[in-house]
Amino acid sequence: MEPFEILLPLAFIFLLAKLMGLGAHRIGMPAVIGMLLAGILLGTLSFIPWQPLHEAFFGEEIKKTLAVLSKIGVVLIMFSAGLGTDLKKLKQTGVASIVITTFGVIVPMFLGWLTASLFFGFHNILSNLFYGAILTATSVSVTVAVLKELGKLDSKVGTSIVAAAVIDDVIGIIILSVLTGFSSGSGSDAGWKWFSPNAGLVVIKIVIFFIVAIALGVGLRKLFNIIERKAPHNRRVPIISLAACFLYAYCAEKFFGVADITGAYVAGIMLGGTLSETPYVESKVDQMGYLFFSPVFFANIGIANIDYFSRIDVTFLAFGAVFVIAALLGKLLGCGAGAKLCKFKWNDSFRVGLGMMVRAEVVLICTQKGVDCGLVNPAVYPFIICIILLSSVLTPILLKWSYRREEKKSGKLPPSNDGTTESVKGE
């Protein structure tokens, strides 16, 4: 393949991803959906029996190049997620967030594992657990937008959801690291073979990774504080940040058997939060990622796996339907139950469960990692897309309905002279 040949598929990916991303945004859906559909649409070209078309879009070298760009895209997404993770928010709701997240991880993971076990057999332990791990992911961007629109983002429900989402991401990444570590360390998914001396080595390596990552992160933060004082808002800051991101991602996978996306996420956490330059670095990373690499990542999922979409049999179709239901109910019931245990009102518990139900890019990243490890069937992608679509549509509708119903029941006073609406006394 000549180097210039990659430019044609990239041109179509960017054009379609942007157009369909805008279309998805117009109807209240995440732009990620549009990018995925762009990839699926491009992938359907593979069914056209015209050799020049196949060579231009689906040649082996083209696929390899897109895979490399996709890898950079997913690493940047997770690095950005880490930069945006504000650990200080955990203090706002304290124990409640931890309880909500704990139930919000255990319940969907159990339902995902149970669904996979019932359809694929209980002997596929590691694979079944990975299907469960996929369902632990959450993405509250849609929820935050709705709560902000309703003026409820700073309420007890809003702060609980945002703080719980932070813990959810951290726990989800740890679970993903453990399972991928077992996958690479055991070499087998049969029976209980992965409960072997290798398992202990995997856990030790993961623990060592986090110790080393945090220790290096403390040093990096001091270095960045010095750089910020001498050259605030200088391009060297995001450049060195990217170097740290890629170094963390590489070392995580190469030396510790931890997923590269985990390394990128941890690097983001270590360089995020309290550094004054964090917003500047995050904006530069987002610009680069979402302008170039992220559209390639999301579109490539559709392109690379379109052939599997047409191979779904009746059994897998039934599994997919139950898997989607498990994904939605897992977060709704799990997080809702956690909120209720923390003495939230029934309505607020329901809203917390709804708010944590949304999935977006993180669930795709987890799925992709499972596919790469050979633990997840690529044919699950259509159902992952269904989970994203349904959760992104149902959450805003049901949240707004919940608050409006409560307002109607409690009653509202007429608008005051300054145009605001006051609640009746005692609300």
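**Figure 1. Confidence and overall make-up of the predicted chain.** The chain averages a pLDDT of 83, and 88% of the residues score at least 70; pLDDT is the predictor's confidence in each residue, from 0 to 100. Over residues 186–196 the pLDDT is below 50, and this stretch has 20 contacts in the model beyond near neighbours in sequence (contact: heavy atoms within 4.5 Å). Residues 413–427 also have a pLDDT under 50, with 16 contacts in the model beyond four places in sequence. Where pLDDT is low, the predicted coordinates should not be read in detail. This is a predicted model, in which local features need pLDDT of at least 70 and side-chain atom pairs count only at pLDDT 80 or more, whereas totals for chains, interfaces and linings use all residues. Residues are numbered from 1 along each chain as its sequence is written, and side-chain values use heavy atoms, with hydrogens and water left out.

The chain contains 17 helices and zero strands; these are DSSP runs numbered from the N terminus, with helices (H or I) of at least four residues and strands (E) of at least two. Of its 427 residues, 50% count as buried (buried: under 20% relative accessible area; exposed: over 50%; partly exposed: in between; 1.4 Å probe, protein chains only). Among contacts with a separation of 6 or more, 78% involve residues 24 or more positions apart. The accessible surface of the chain comes to about 19,900 Å², and carbon and sulfur atoms account for 68% of this surface. Accessible areas come from the Shrake-Rupley method with a 1.4 Å probe; for residues, only the protein chains shown count as cover.

**Figure 2. Ile384 and Leu364 in the largest nonpolar core.** The largest nonpolar core has 119 residues, and Leu364 and Ile384 touch the most other members. Such a core is a set of buried Ala, Val, Leu, Ile, Met, Phe, Trp, Tyr and Cys residues joined through side-chain atoms within 4.5 Å. With residues up to four places away in sequence not counted, Ile384 touches Ile134, Phe323, Val363, Leu364 and Thr367.

Figure 3. The structure holds six salt bridges, each defined as a side-chain nitrogen of Lys or Arg within 4 Å of a carboxyl oxygen of Asp or Glu. One of them joins the side chains of Asp260 and Lys71 at 2.8 Å, N to O. Asp260 lies in helix α12 (residues 260–271) and Lys71 in helix α4 (residues 60–83), so this pair ties together parts that are 189 residues apart in sequence. Asp260 is buried, with a relative accessible area of 10%, whereas Lys71 is partly exposed at 32%.

Lys369 forms a salt bridge with Glu253, and their closest N and O atoms are 3.2 Å apart. Because Lys369 belongs to helix α16 (residues 361–372) and Glu253 to helix α11 (residues 236–256), this pair ties together parts 116 residues apart in sequence. Lys369 is buried at 7% relative accessible area, while Glu253 is partly exposed at 38%.

Figure 4. The side chains of Arg351 and Asp348 meet in a salt bridge of 2.8 Å, N to O. Both residues lie in helix α15, three residues apart, about one turn of the helix. Arg351 is buried, with a relative accessible area of 1%, and Asp348 is buried at 18%. Elsewhere, salt bridges that share partners join Lys71, Glu253, Asp260 and Lys369 into one network.

**Figure 5. A nonpolar surface patch including Ile208.** Ile204, Ile208, Val212 and Leu216 form a nonpolar patch on the surface, and their accessible area together is about 330 Å². Patches are made of residues with over 30% relative accessible area and no salt bridge; like charges are joined within 9 Å, and nonpolar side chains (Val, Leu, Ile, Met, Phe, Trp, Tyr) within 5 Å. Ile208 is placed in helix α10 (residues 197–230) and is partly exposed, at 39% relative accessible area.

**Figure 6. The surroundings of Phe12.** Phe12 is placed in helix α1 (residues 7–26) and counts as partly exposed at 38% relative accessibility. Not counting residues up to four places away in sequence, Phe12 touches Ala17, Leu42 and Phe57.

**Figure 7. Lys343 in a loop.** Lys343 lies in the loop between α14 (314–341) and α15 (346–355), and counts as exposed at 75% relative accessibility. Phi of Lys343 is near 70°, a positive value in a residue other than glycine. Most residues other than glycine have a negative phi.
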